[in-house]
Amino acid sequence: MQNFEYIAPINTLSAAQALSPDAGVTAVLAGGTDLLSLLKQHVETPTRVVSLRNISALRGISKRGGGLRIGAMATVEDLLGSKAAAPYESLLQAARGITAPQVRAMGTVAGDLLQRPRCWYFRNGYGLLAKSEGKALVPSGENRYHAILGNKGPAYFVNASSLAPALISLGATVSVAGPEGEREMSVADLYRIPSSDAERENTLAPNEIVTEINVPSASGWSTATYEVRQRQLLDWPLATASVALRMRGGKVSDARVVLGHVAPIPWRSSEAETALKGKAANESSGVEAGKAAMAAATPLSQNKAKVQLATVAVKRAVGMAG
Amino acid sequence: MSSNKPHDGPGEGPRYGPRKGFSRRTFIEGVGIGAGAVGALGAADQARAATNEVVGPDPVSITLSINGKTHKLDVEPRVTLIDALRNMLDHTGAKKVCDRATCGACTVIVDGSPVYSCTMLAIEAEGRRIETIEGISSDDAMHPVQVQFVEHDAQQCGFCTPGLVMAGKAIADRNPRPSMADVESGLCGNICRCGTYVGVRKAVYEAARESA
């Protein structure tokens, strides 16, 4: 790991001011479960690391208004143990998918949202767009875990967040602090599909920090997350779906369906949502929704199976919520 | 074989007691350079923990609380807790294997939770309560998790064992009656290449009940 300066400010403004406005110069350290590996791989080579550990305002999980406020530095363990978070079934189901107790204890909620892609080309130094001598490596390479939607290029990685699909389906927002102050945006707007080497997979400026996640009341919504996994424990899922359904007279009146690990961003499927409206929520409507979500899928050479896995994820999540 | 009595085994000591005489471990530890334990957290360190001061990349003086003792050492900010423990403080129980928060061999307990010491900077461990495998047994008795590892033959090559014992202790500390599923999920952050999982799970299951 390249050596760096270290600073652990006591408030977010100082932290934002300690960060460089230019990409790649400084790095934010939260739980460290992702950043330390990136530093060791020389994927990130900051000259300064800004730790958030001394900022007490970033901690804690509590009820706020009718909803839930999750401090950016709250750990996955905090989330799973929080009484205030108990009504958010789909969020907790997603958090339970982060299985290693060590990662639960160290990893933070905002860190989960902002972890960098797990694409093995990216992790081995070929860049976010995984290129060698100008040629994209993923389409003709080892792509069985890569994107099946939003993969027209130049990005083929999948968003690796466990919690983002659930948070987006719950209509959550994030507060972001920079040197000039705070702004609020939806969790969905935190992500983008990069269109060039100059862009990252998230929309934050290099000197911005997520300070908290706000989840509106889930009252009236039935929610569920289902992860299709190769191994039950200690691994990222292959495909996930988080759903939030509002029921009226036994039929779905409103639906939000967000898939994970299928695209460079958490993938909200309006096709699946439309397919569910007016139907009972069960596995047979779920499988129709899953097929609708996958209608536009464009699998790569090795990951056609993910189309079926994602369909199953939607089916099971709808069945669980129904 | 000239003798069937191991020169480096438990020997005549109390059952599962400490090893007597020369051992590879004490030899290696003797060669290492120890950092002395110091009495109290320095005022300067306490102050730095709550300021906006930039430190490094040169070595920074930090104080770590390990197994109830405070240790003062100088580390570059990039030094991980596992490297500080093993290379600077002669706490060689935790093992550096994958070095990527994946295998669990480096597991120690920080503020009551199991963590990957390969993935925490030493400077970030300042002000926190660190427990390592060196601190869980006394000269007279092993920790119940260790005793049950012996009972259930829960190790083979032994390289993952310190991490699994600490992950197991973290389960036992929190839950005196874990189900086998609780034990399984509580140990899922640790990998054993020899495949000793069956014995390890039984050992932790029993030890939690024993230490309750």
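This is a predicted model: local features need pLDDT of at least 70, side-chain atom pairs count only at pLDDT 80 or more; totals for chains, interfaces and linings use all residues.
Helix 5 of chain B passes helix 7 of chain B in a right-handed crossing.

**Helix packing in chain B**

Helix 5 (161–174) of chain B and helix 7 (residues 197–211) of chain B pack with their axes 9 Å apart, at an angle of about 40°. On the helix 5 side of chain B the contact involves B:Leu164, B:Gly168, B:Ile171 and B:Ala172, which meet B:Val200, B:Ala203, B:Val204, B:Ala207, B:Ala208 and B:Ser211 in helix 7 of chain B. By class, the residues of this contact between helix 5 and helix 7 of chain B are eight nonpolar, two polar and no charged.

Helix 7 of chain B also packs against helix 4 (residues 144–151) of chain B, at an angle of about 140° and with the axes 8 Å apart. That angle makes helix 4 of chain B oblique to helix 7 of chain B. The crossing of helix 4 and helix 7 of chain B is right-handed. From helix 4 of chain B, the contact uses B:Pro144, B:Val145, B:Gln148, B:Phe149 and B:Glu151. Helix 7 of chain B supplies B:Ala203, B:Val204, B:Glu206, B:Ala207, B:Glu210 and B:Ser211. The contact of helix 4 with helix 7 of chain B has six nonpolar, two polar and three charged residues.

B:Ala203 of helix 7 is listed both in the contact with helix 5 of chain B and in the contact with helix 4 of chain B.

**Helix packing in chain A**

In chain A, the axes of helix 10 (residues 283–294) and helix 11 (residues 305–321) come within 7 Å and cross at roughly 140°. Helix 10 of chain A passes helix 11 of chain A in a right-handed crossing. Residues of helix 10 of chain A in this contact include A:Val287, A:Ala289, A:Gly290, A:Ala293 and A:Met294. Among those they meet in helix 11 of chain A are A:Val307, A:Ala310, A:Val314 and A:Val318. By class, the contact of helix 10 with helix 11 of chain A has nine nonpolar, five polar and three charged residues.

| Helix pair | Crossing angle | Axis separation |
|---|---|---|
| Helix 5 and helix 7 of chain B | about 40° | 9 Å apart |
| Helix 4 and helix 7 of chain B | about 140° | 8 Å apart |
| Helix 10 and helix 11 of chain A | roughly 140° | within 7 Å |

**Domains of chain B**

Chain B is divided into domain 1 (24–135) and domain 2 (144–211). Their contact takes 15 residues from domain 1 of chain B and 13 residues from domain 2 of chain B. On the domain 1 side, the elements that give two or more residues are strand 4 (107–110) and strand 5 of chain B. Strand 4 of chain B provides the largest share of that side, three residues. The domain 1 side divides into nine nonpolar, five polar and one charged.

**Contact between the chains**

Between the chains, the contact takes 31 residues from chain B and 28 residues from chain A. The elements of chain B that give two or more residues to the side touching chain A are strand 5 (113–116), helix 5 (161–174) and helix 6 (180–186). Strand 5 of chain B gives the most to that side, with four residues. The side of chain B that touches chain A has 16 nonpolar, nine polar and six charged residues.

**Local backbone features**

A cis peptide bond runs from A:Gly153 to A:Pro154, with omega near 5°. A:Pro154 is in the loop between strand 7 (135–136) and helix 8 (164–169) of chain A. In chain B, a cis peptide bond joins B:Gly56 and B:Pro57, with omega about 5°. B:Pro57 is in the loop between helix 2 (43–48) and strand 2 (60–66) of chain B. B:Asp90 has a positive phi of about 55° although it is not a glycine. B:Asp90 is found in the loop between helix 3 (81–88) and strand 4 of chain B.

**Confidence**

The predictor gives the complex an ipTM of 0.95 and a pTM of 0.91. Chain B averages a pLDDT of 84, and 76% of the residues score at least 70. Over residues 1–22 of chain B, pLDDT stays under 50, and the model has 14 contacts beyond four places in sequence for this stretch. Over residues 30–47 of chain B, pLDDT also stays under 50, and the model has 23 such contacts.

Technical notes: Residues are numbered from 1 along each chain as its sequence is written. Chains are lettered from A and ligands numbered from 1 in the order in which they are written. Two residues are in contact if their C-beta atoms, placed from the backbone, lie within 7 Å. Ala, Val, Leu, Ile, Met, Phe, Trp, Tyr, Cys and Pro count as nonpolar, Asp, Glu, Lys and Arg as charged, and the others, Gly among them, as polar. Domain bounds come from an automatic or database domain assignment. Axes are lines fitted to C-alpha atoms, for helices over the stretch in contact, and angles run from 0 to 180 degrees between N-to-C directions. A crossing is left-handed if the near helix is turned anticlockwise from the far one by less than a right angle, and right-handed if clockwise. pLDDT is the predictor's confidence in each residue, from 0 to 100. Angles under 35 degrees count as roughly parallel, over 145 as roughly antiparallel, 65 to 115 as roughly perpendicular and the rest as oblique.
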